[in-house]
Amino acid sequence: MSTAAAPARSLRPGIVLADLIPASRARDIALVVGAAALTGLAAQLSVPVPGSPVPVSGQTFAALLVGTALGARRGFLSLALYAVVGMAGVPWFAQGTSGYGMPSFGYILGMLLAATVVGALARRGADRSVLRTAGAMALGSALVYAVGVPYLALATGMTLGQAVSAGLVPFLIGDALKAALAMGALPAAWKLAGRRG
């Protein structure tokens, strides 16, 4: 009877992938710290974009996966830890930078918001199917840009149109590819969890 109940528990809405690990305070601390470190590592996968102070990096993708896999609270805490430690001087933002004075810091603030929102959506089952995952990733990416692009304009003196051209348009194709990867990976992880349960 317990083997039949486990898959139902793992597939029911209200939990995220991280909840499949037995609950403890040590688990939550490890997940938050590990997710912050993962985001910092992903940020080092960075390529400069000609004409833009914002590079293409893996940190946005990591932030969205962190929020989805950990849920809103732990996702927020991990991205807050990532931001605070980076502001304190650890060079783990994109291109090995740190601090809050750089023009791309608004994207990090946007990632904090996005991880929280996609984490809340994941608790409602938004990571269980390809289409729902696509919607969650699109919303998360939009939130990153909703904070990052205006911050870029303010930090650089660009007009909003210039900031959109430099800080949004060059990244749309890459974001679509990242969303496609998430659309395959997250529902597959749930199917695997259901089989193993």
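**A close look at the aromatic rings**

Modeller: Happy to! Let's begin with Arg-128, whose charged end sits over the ring of Trp-190, 3.7 Å from the ring's centre. Please keep in mind that this is a predicted model.

Now to rings that pair with other rings. With centres within 6.5 Å as the rule for a pair, the count comes to five aromatic pairs. One of them joins Tyr-82 and Trp-92: the centres are 5.3 Å apart, the planes make an angle of 45°, and the pair is tilted. Tyr-82 belongs to helix H4 (residues 72–87), while Trp-92 lies in the loop between H4 and helix H5 (105–123), so this pair links parts of the chain ten residues apart. Both Tyr-82 and Trp-92 are buried.

Phe-93 and Phe-105 make another pair, and because their planes stand at 55°, with the ring centres 6.1 Å apart, this pair is tilted. Phe-93 is in the loop between H4 and H5 and Phe-105 is in helix H5, so the pair ties together parts twelve residues apart in sequence. Phe-93 and Phe-105 are both buried.

Helix H2 (residues 25–43) packs against H4 at an angle of about 50°, with the axes 8 Å apart. The two helices are therefore oblique to each other, and H2 passes H4 in a right-handed crossing.

Terms used:
Residues numbered from 1 in each chain as written. Predicted model: local features only at pLDDT ≥ 70, side-chain atom pairs only at ≥ 80, totals over all residues. Heavy atoms only, no water. Phe/Tyr/Trp six-rings, centres within 6.5 Å; stacked < 30°, edge-to-face > 60°. Helix = DSSP H or I, 4+ residues; strand = E, 2+ residues; numbered from the N terminus. Buried < 20%, exposed > 50% of the residue type's maximum accessible area, 1.4 Å probe, protein only. Lys NZ or Arg CZ within 6 Å of the ring centre and 35° of its normal. Axes fitted to C-alpha atoms, helices over the stretch in contact; angles between N-to-C directions. Parallel < 35°, antiparallel > 145°, perpendicular 65-115°, else oblique. Left-handed = near helix turned anticlockwise from the far one by under 90°.
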